[in-house]
Amino acid sequence: MLLRFFARDLRPLVRPAISLAAAGFAGLGFLQIRPAGIDLGLAVGGVFFLACGASACNQAQEKDRDALMRRTENRPLPAGRLRSGAALG
């Protein structure tokens, strides 16, 4: 049940592939400058979760417009499978 929820509703909400790409490029930038006192894994993980949250926030803001477009009408928020409060949480 939880796996189905993740695959159907949570994954399209946080867009893990895009978030992972953002985190990967942040990691490459991190390796270029090597800031002192910051862990690479912590920085990359932080960027990944920040990108996931930004995607959810964006979809919560755009749910009314997404409901009007054929390409985005089946996302969890416009389709009514998830509420904005839950997405922002």
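The patch, formed by F25, L28, L31 and L40, covers about 390 Å². Patches comprise residues with over 30% relative accessible area and no salt bridge, nonpolar side chains (Val, Leu, Ile, Met, Phe, Trp, Tyr) being joined within 5 Å. A salt bridge places a side-chain nitrogen of Lys or Arg within 4 Å of a carboxyl oxygen of Asp or Glu, and accessible areas derive from the Shrake-Rupley method with a 1.4 Å probe, only the protein chains shown counting as cover for residues.

The model is predicted, with local features requiring pLDDT of at least 70 and side-chain atom pairs pLDDT 80 or more, whereas totals for chains, interfaces and linings use all residues. Residues are numbered from 1 along each chain as its sequence is written, and side-chain values use heavy atoms, without hydrogens and water. The chain averages a pLDDT (predictor's confidence in each residue, from 0 to 100) of 88, and 94% of the residues score at least 70. Mean pLDDT is highest for α2 (95) and lowest for α1 (76) among the elements of the chain.

F25, within helix α2, is exposed (over 50% relative accessible area) at 62%. D9, in helix α1 (residues 2–14), is buried (under 20%) at 2% relative accessibility. Its side chain forms a polar contact with that of R81 at 2.6 Å, such contacts being pairs of N or O atoms within 3.5 Å, one able to donate a hydrogen and the other to accept it.

How values were computed. Patches are made of residues with over 30% relative accessible area and no salt bridge: like charges are joined within 9 Å, nonpolar side chains (Val, Leu, Ile, Met, Phe, Trp, Tyr) within 5 Å. Helices (H or I, at least four residues) and strands (E, at least two) are DSSP runs, numbered from the N terminus. Buried means under 20% relative accessible area, exposed over 50%, partly exposed in between (1.4 Å probe, protein chains only).
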